[in-house]
Amino acid sequence: MNTILEGPPQPNQFVVFTTRVSRTYQKLLDDSVPHLYGRWGAAAFLLILYILRVYYSGGWHIISYALGIYMLNLLIGFLSPKIDPEADAMGEVGLPQKRDDEFRPFIRRLPEFKFWLAIVRSLTIAIVCTFFPFLNLPVFWPILLIYFLALFFVTMRNQIKHMIKHKYLPFNMGKKVYAGKKSDK
């Protein structure tokens with residue numbers, strides 16, 4: 001009988017706390033969207049912090065290798081168009097190939113903000129991983145470095161060939177300014 005007089009049940013305190021933290025985190029992300037240089041500056045700071053942590057602690061080569069491969073994967077997504085011209089079998093959707101084709105802007109497969117957010121998250125996780133000694137596996141790091149560099153150069157060469165073949169540039173160079181005729185004085 002007392003349950004009717006008590007009113008609605010109180011929400012779980014853990015759920016209230018996680019909801020508040022989630023909303024605060026999302027608000028910080030939303031507020032950071034227009035601050036491009038500040039966001040990338042924070043990412044560069046985390047990268048420098050990670051490099052210093054790895055250098056002075058000596059080790060963490062597997063974590064560094066995994067971080068590098070993940071960042072390379074993110075970079076490929078950032079440089080690739082959302083709709084791959086080679087994957088389009090009909091040729092109806094994609095980048096314009098002729099002068100008469102309709103202009104279609106370059107849309108990234110991985111937008112800049114999501115690219116930045118994934119990098120910051122991966123760097124944060126990598127920094128946290130360096131505090132756990134069981135993740136510091138003994139490996140011969142020069143082989144990992146050579147393999148990563150080979151993978152990087154082969155992947156970038158293929159990506160640049162793809163850009164040249166389909167005539168797209170994933171960077172905005174600004175609006176073209178045409179010089180008018182010079183007046184003879």
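**Exercise 1.** At what angle do H4 and H5 pack, and how far apart are their axes?

*Solution.* The model is a predicted one. Two packed helices are described by the angle between their axes and the distance between the axes. For H4 and H5 the angle is about 175°, and the axes are 10 Å apart. Angles over 145 degrees count as roughly antiparallel, and H4 is therefore roughly antiparallel to H5. On the H4 side, the contact is made by Ile63, Leu67, Tyr70, Met71, Leu74, Leu75 and Phe78. H5 contributes Glu112, Phe115, Ala118, Ile119, Ser122, Leu123, Ala126 and Cys129. Sorted by class, the residues of this contact comprise 13 nonpolar, one polar and one charged.

**Exercise 2.** Determine how H4 is oriented relative to H6, and describe the residues where they meet.

*Solution.* The axes of H4 (residues 61–79) and H6 (residues 141–166) come within 11 Å and cross at roughly 0°. Since angles under 35 degrees count as roughly parallel, H4 and H6 are roughly parallel to each other. From H4, the residues in contact include His61, Tyr65, Ile69, Leu72 and Leu79. Their counterparts in H6 include Trp141, Leu144, Phe148, Phe152 and Met163. The classes in the contact of H4 with H6 are 15 nonpolar, four polar and no charged residues.

**Exercise 3.** Which helix gives the most to the lining of the second largest pocket?

*Solution.* The volume of the second largest pocket is about 500 Å³. Its lining consists of 17 residues, and Tyr50, Val54, Ser64, Tyr65 and Leu145 lie nearest the centre. H3, H4 and H6 each supply at least two lining residues. H4 gives the most, with six residues. By class, the lining of the second largest pocket has twelve nonpolar, five polar and no charged residues.

**Exercise 4.** Where does threonine 130 lie, and which residues does it touch, not counting residues up to four places away in sequence?

*Solution.* Threonine 130 belongs to the loop between H5 (112–129) and H6. Its relative accessible area is 1%, so threonine 130 counts as buried. With residues up to four places away in sequence left out, threonine 130 touches Tyr50, Arg53, Val54 and Trp60. Tyr50 and Val54 are also among the residues nearest the centre of the second largest pocket.

**Exercise 5.** What distance separates the C-alpha atoms of tyrosine 168 and leucine 79?

*Solution.* Tyrosine 168 is in the segment after H6. At 8% relative accessibility, tyrosine 168 is buried. Tyrosine 168 and leucine 79 are 89 residues apart along the chain, and their C-alpha atoms are separated by 10.0 Å.

**Exercise 6.** How many helices and strands does the protein have, and what share of its residues count as buried?

*Solution.* The protein has six helices and zero strands. Of its 185 residues, 25% count as buried. Among contacts between residues at least 6 apart in sequence, 85% join residues at least 24 apart.

Note on methods
Residues are numbered from 1 along each chain as its sequence is written. This is a predicted model: local features need pLDDT of at least 70, side-chain atom pairs count only at pLDDT 80 or more; totals for chains, interfaces and linings use all residues. Side-chain values use heavy atoms; hydrogens and water are left out. Axes are lines fitted to C-alpha atoms, for helices over the stretch in contact, and angles run from 0 to 180 degrees between N-to-C directions. Helices (H or I, at least four residues) and strands (E, at least two) are DSSP runs, numbered from the N terminus. Angles under 35 degrees count as roughly parallel, over 145 as roughly antiparallel, 65 to 115 as roughly perpendicular and the rest as oblique. Contact means heavy atoms within 4.5 Å. Ala, Val, Leu, Ile, Met, Phe, Trp, Tyr, Cys and Pro count as nonpolar, Asp, Glu, Lys and Arg as charged, and the others, Gly among them, as polar. On a 1 Å grid over the protein atoms alone, a cavity is a set of points where a 1.4 Å probe fits but cannot get out, and a pocket is an open set with protein on both sides within 12 Å along at least five of seven lines; lining residues have an atom within 4 Å of a point. Grid points are joined across faces, edges and corners, and a volume is the space filled by probe spheres set on the points. Buried means under 20% relative accessible area, exposed over 50%, partly exposed in between (1.4 Å probe, protein chains only).
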